[in-house]
Amino acid sequence: MEIEEEILAKLSPKVLARAKMASEVELHRQMTPSTGLNAALRGGIGYGRQTLVWGSKSSGKSTFCLGTLGIAQRAGKRAAFIDAEQSFDPSWAERLGVDTRKLIYTDVKTIEDMVGAGVEFMNAGVDIVTMDSISALLSSAYFEKDKTKNKEAELKDLSGTKQIGSEARELANGVKMLNYANKNTALILISQVRNKITTYGAMHQATGGHAVDFFSSTVIKLWSSARDDDQIKGEVFNGDLVLKQPIGRKVIWNIDKNKLGPPNRSGEYGLFYDGDFIGIDNVGEAVDLGVALGLVEKSGNWLTYEDLKVNGKDGFGLQLRQRPELAEKLVKEVEAA
């Protein structure tokens, strides 16, 4: 008998129920809509782990997460969406690949409600849960304390809600409870950016206090510019008129923390919100990475992949997208490389 087996044989039944050899631990990953991010994450975010997605306004955090839910659903996973911002649009989710007929949805207002819903979803066997967003949740400090089970809690007057740090404290306990309940679920928390004033100036950080960072296995920051000059312009048809207007923007992603692989990786992708294609341009990402990896041949301005040869990256990406099988092959080769 090996030494390890001797040790296991001496453990109490209570400890033995949780103990096993480290080689038996399985890590399953969920791919995201971003080819570059999947490659940097070594396959995607982890199941049984918590992932924090935060960043600037209109950087496509919800779009990114809805796209991830859609990919998970197509792989047979059960998905849920917890909405604190009252911003969920079924038609937009459908365009991003989500099957809303199979997506479990609930709206919440408080940290307590969010944690309760999240824990019950996990215990019920939901595979992937997105919370949008923890920044919109209220703590119990905002409600009258004399509430009963048969009566809805009433909001206090604004003057009575000056409890310093109440949201951070409740969120800290909340993420601990979610972490305790999580066995096999991919939990994604969305958070908005907040400015923290320090002696060295303003610092960007995610809403919710340090505990949200501490208990997240992966922290992904998404950043984009809302300036008109930084938008991707394209042609949009309005009847017989062809209008040149913004249809998307560049989004820079950065892996701030990653306990499942190397951190501090960064890249960018195109996020499209109008035009023929909606969502994250993983094909455009695959072209850029394909050139860097030598999978796509680049000669001057000409790009070649198998029998497709086009002048210019935009035209190459457009024609590649019109051939889904070839585009999918390039994406898979990039992720494998």
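The protein chain holds 11 helices and 16 strands. Helices are DSSP runs (H or I) of at least four residues, strands are DSSP runs (E) of at least two, and both are numbered from the N terminus. This is a predicted model, where local features need pLDDT of at least 70, side-chain atom pairs count only at pLDDT 80 or more, and totals for chains, interfaces and linings use all residues. Residues are numbered from 1 along each chain as its sequence is written, and side-chain values use heavy atoms, with hydrogens and water left out.

**Overall build**

- The C-alpha trace of the protein chain spans about 70 × 65 × 50 Å along its principal axes.
- Of the 337 residues, 42% count as buried. Buried means under 20% relative accessible area, exposed means over 50%, and partly exposed lies in between (1.4 Å probe, protein chains only).
- Contact means heavy atoms within 4.5 Å. Among contacts with a separation of 6 or more, 63% join residues 24 or more positions apart.

**Helix H4 and what follows**

- H4 covers residues 61-74, and its 14 residues reach 20 Å from first C-alpha to last, close to the 20 Å expected. The expected span is 1.5 Å times one less than the number of residues.
- H4 is largely enclosed by the rest of the structure, because 11 of its 14 residues are buried. Among them are Phe 64, Leu 66 and Leu 69.
- Gly 76 sits in the loop between H4 and S4. Its phi is positive, at about 90 degrees.
- Gly 76 is exposed, with a relative accessible area of 59%. Its C-alpha atom is 9.5 Å from that of Asp 127, which is 51 residues apart from Gly 76 along the chain.

**Helix H7**

- H7 (residues 166-181) has 16 residues, which should span 22 Å at 1.5 Å a residue; its end C-alpha atoms are 23 Å apart, which agrees.
- The buried residues of H7 include Leu 171, Val 175 and Leu 178.

**Nonpolar cores**

- A nonpolar core is a set of buried Ala, Val, Leu, Ile, Met, Phe, Trp, Tyr and Cys residues joined through side-chain atoms within 4.5 Å.
- The largest core has 31 residues, and Phe 64, Leu 66, Ile 128, Leu 222 and Tyr 269 have the most contacts inside it.
- H4 gives the most to this core, with five residues.
- A second, separate core has 29 residues, including Met 114, Phe 121, Met 131 and Val 219.
- Tyr 269 touches Phe 64, Leu 222 and Trp 253, among others, leaving out residues up to four places away in sequence.
- Ala 80 lies in strand S4. Ala 80 is buried, with a relative accessible area of 0%.
- Beyond neighbours within four places in sequence, the contacts of Ala 80 include Leu 69, Phe 121 and Ile 128.

**Pockets**

- A pocket is found on a 1 Å grid over the protein atoms alone: it is an open set of points with protein on both sides within 12 Å along at least five of seven lines, and lining residues have an atom within 4 Å of a point.
- The largest pocket holds about 790 Å³ of space. Of its 26 lining residues, Ile 247, Phe 272, Asp 281, Asp 314 and Leu 318 are the closest to its centre.
- Its lining has nine nonpolar, five polar and 12 charged residues. Here Ala, Val, Leu, Ile, Met, Phe, Trp, Tyr, Cys and Pro count as nonpolar, Asp, Glu, Lys and Arg as charged, and the others, Gly among them, as polar.
- The second largest pocket holds about 640 Å³. Its 26 lining residues include Pro 33, Ile 71, Arg 74, Ile 280 and Asn 282, which lie nearest its centre.
- H11 gives the most to this second lining, with six residues.

**Backbone details in loops**

- A cis peptide bond, with omega of about -10 degrees, joins Asp 132 and Ser 133. Ser 133 lies in the loop between strand S6 (128-132) and H7.
- Asn 264 has a positive phi near 55 degrees, although it is a residue other than glycine. Asn 264 lies in the loop between S11 and S12, and is exposed at 58% relative accessible area.
- Glu 306, not a glycine, also has a positive phi, of about 55 degrees. Glu 306 lies in the loop between strands S15 (302-305) and S16 (308-311), and is partly exposed at 47%.

Conventions
1 Å grid on protein atoms, 1.4 Å probe; cavity = no way out; pocket = protein on both sides within 12 Å on 5 of 7 lines; lining within 4 Å. Points joined across faces, edges and corners; volume = space filled by probe spheres on them.
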